[in-house]
Amino acid sequence: MKTALITGITGQDGAYLARHLLNEGYRVVGTRRRSASTNTGRLDELGITDRVEIATIEMLEFGSILSALQESQPDEIYNLAAQSFVGASFGQPIFTMEANAVAVYRLLEAIRIVNPEARLYQASTSEMFGGISADSLNETSRFYPKSPYAVSKVAAHMATTNYREAHGMFCCNGILFNHESPLRGAEFVTRKITTNLARIALGDERPLTLGNIDARRDWGYAEDYCRGMHLMMTRGEASDYVLATGVSISVRDFFQHAAEALGMEIIFEGEGAAEVAHDRKTGKCVLRIDPDQYRPAEVNTLIGDASKARRELGWTPIISVAELAEIMVRKDYDRLKKGEAIL
Ligand code: G4F
């Protein structure tokens, strides 16, 4: 039986990946930071909390990472732990660099010491392309990070590549474009939209507030992407792969898909910070713009080309963005209707 160690197992990707690996027959050890709350809501929702072993580690402490590797002796390590909020990274650039980049060096060194044969998956991101305007971004596209988060992820990406080249270790970067689900954190824009639209559909009068609704992202379904992470680790040779759908839509369009799934008919009026959206059926104002949500530097458009993953891994995303918006908003509507807490 193979052992997988997943850092950040309590997040969206950690939970889906854990379930996938358990289904593939793995022993799964997941790490999380010490905290007063247990924070296993996503694992509970997937019904796998009792099937994974939880290790408490601190990615800012080398000794903590070293002990976790010595104790669990993993064959595969999936590094999903991160400060993953792009907007928040502008206010916490140093912590973001520590948690997302220096921590990866700690992990790489610990793997080299404990078992250099162990395989590493590093969670890279489309945010690294940032300001590059291209119709389609792939593994050979240039990086132009636009936030402290993206800068930290470029550093971690290059460190991972360097350990592969310098030490011959099996290290791969998954350059994942945005991927969402009903387990997505409620502060990311898709889930912010679906939880708030569900609340409004159930009678709440307060409109949702968003920042830049013209930003465009290539949004896929997280479970499809976690399957792709595992495929990267089953190859004979380590390499880097883009996972994306190849379709990019705006925040405004995602909002519209989700609202329509709840039977709303959206009309946008006004421009810029004065733009609002109403539901024609009820006359309710459902969206206002909050300029405080604008980012100091924005990534306007991201669209990915996953042809290498399709060719070499046989990976294709299954769920479209319109289906994704519908799945997410219906789930949030059901949760709120039953009085369940929002994850
Ligand atoms: O949902 P977001 O916060 O995701 P973002 O910044 O694209 O980053 C996510 O995906 C990356 C790629 O996989 C990951 F690396 C990263 O860790 C994270 O998971 O924002 C998407 C877009 C942005 O352009 C943002 O400005 O939505 C825009 N937006 C507009 N109003 C908003 C809001 N974003 C948030 N979070 N909240 C708003 O009110």
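## Helix H9 and what follows

In helix H9 (residues 251-261), the buried residues are Val251, Arg252, Phe254, Phe255, Ala258, Ala259 and Ala261. Buried here means under 20% relative accessible area, with a 1.4 Å probe and protein chains only; helices are DSSP runs (H or I, at least four residues), numbered from the N terminus. Just past H9, glycine 263 has a positive phi of about 85°.

This is a predicted model, where local features need pLDDT of at least 70 and side-chain atom pairs pLDDT 80 or more, while totals for chains, interfaces and linings use all residues. Residues are numbered from 1 along each chain as its sequence is written, and side-chain values use heavy atoms, leaving out hydrogens and water.

## The nonpolar cores

Phe255 turns up again in the largest nonpolar core, which has 74 residues: along with Ile6, Val28, Tyr78, Tyr121 and Ile193, it touches the most other members. Such a core is a set of buried Ala, Val, Leu, Ile, Met, Phe, Trp, Tyr and Cys residues joined through side-chain atoms within 4.5 Å. Domain 1 (3-179 + 220-243) and domain 2 (185-217 + 249-302 + 319-337) both supply residues, so this core lies between them. The domain bounds come from an automatic or database assignment.

A second, separate core has 24 residues, including Met59, Leu66, Ala118 and Leu120.

## Where H1 meets H8

Helix H1 (residues 12-23) packs against helix H8 (residues 222-232) at about 60°, their axes 9 Å apart. That makes H1 oblique to H8.

Conventions
Buried means under 20% relative accessible area, exposed over 50%, partly exposed in between (1.4 Å probe, protein chains only). Axes are lines fitted to C-alpha atoms, for helices over the stretch in contact, and angles run from 0 to 180 degrees between N-to-C directions. Helices (H or I, at least four residues) and strands (E, at least two) are DSSP runs, numbered from the N terminus. Angles under 35 degrees count as roughly parallel, over 145 as roughly antiparallel, 65 to 115 as roughly perpendicular and the rest as oblique.
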